[in-house]
Amino acid sequence: AFCESALEHGCTGFLMPGKPAVAAVEGRSSDIADFLRHTRTVLFAQVPPASRKMTVSLLDEDVQRAFDGFEEVDLCTGSDPSTKGSHKRKDMADLGLLQKFLEAKGLTHAFQFLFQTALAEP
């Protein structure tokens, strides 16, 4: 429903479910605002209140889109055969895979911004 709704609002990007879940949403500012409003009021109505956290962390305006559509990507620890079984939680996101995915789209700065605290720790 999330990906379909994004497309209906004229947005492109991706959704990575898991812990943490990450979404990148591209489009005109008004389209993104409408989509986020719809997500909070309609889509999140089906989600338990304790799980409804959504934070807009990085907002780049007037940039060329990196995505053609809106897709769900599986970047959980069990999705890469080389890391299969590396974590007991099946929904734990593999941030290394996320970093590679974003780098391939030319979005290295987004990963660095989102996880700057974790990257800065020794």
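This is a predicted model: local features need pLDDT of at least 70, side-chain atom pairs count only at pLDDT 80 or more; totals for chains, interfaces and linings use all residues.
**View 1. D31, a buried partner in a salt bridge.** D31 has a relative accessible area of 16%, so it counts as buried (buried is under 20% relative accessible area, exposed is over 50%, and partly exposed is in between, using a 1.4 Å probe and protein chains only). Its salt-bridge partner is R28, and their closest N and O atoms sit 3.4 Å apart. A salt bridge here is a side-chain nitrogen of Lys or Arg within 4 Å of a carboxyl oxygen of Asp or Glu. R28 is exposed, because its relative accessibility is 54%. Residues are numbered from 1 along each chain as its sequence is written, and side-chain values use heavy atoms, with hydrogens and water left out.

**View 2. A salt bridge along helix α2.** The structure holds two salt bridges, and here R37 meets D34 with the closest N and O atoms 2.8 Å apart. Both residues belong to helix α2 (residues 29-41), three residues apart, which is about one turn of the helix. Helices (H or I, at least four residues) and strands (E, at least two) are DSSP runs, numbered from the N terminus. R37 counts as partly exposed because its relative accessible area is 49%, and D34 is partly exposed as well, at 35% relative accessibility.

**View 3. F14 and F101, two buried rings.** F14 and F101 are both buried. A search of the whole structure turns up six aromatic pairs; rings of Phe, Tyr and Trp (its six-membered ring) pair if their centres lie within 6.5 Å, with planes under 30 degrees apart called stacked, over 60 edge-to-face and the rest tilted. F14 and F101 make an edge-to-face pair, with 5.0 Å centre to centre and 75° between the planes. The pair ties together distant parts of the chain: F14 is in strand β1 (residues 12-16) and F101 is in helix α3 (residues 95-104), 87 residues apart. Elsewhere, ring pairs join F2, F35 and F70 into a cluster.

View 4. D74 sits in the loop between β3 (70-72) and α3, and it counts as exposed because its relative accessibility is 52%.

View 5. F113 belongs to helix α4 (residues 108-114). With 34% relative accessibility, F113 counts as partly exposed.

**View 6. P20 in its loop.** P20 is found in the loop between β1 and β2 (22-26). Its relative accessible area is 37%, so P20 is partly exposed. The C-alpha atoms of P20 and C76 are 9.7 Å apart, while the two residues are 56 residues apart along the chain.
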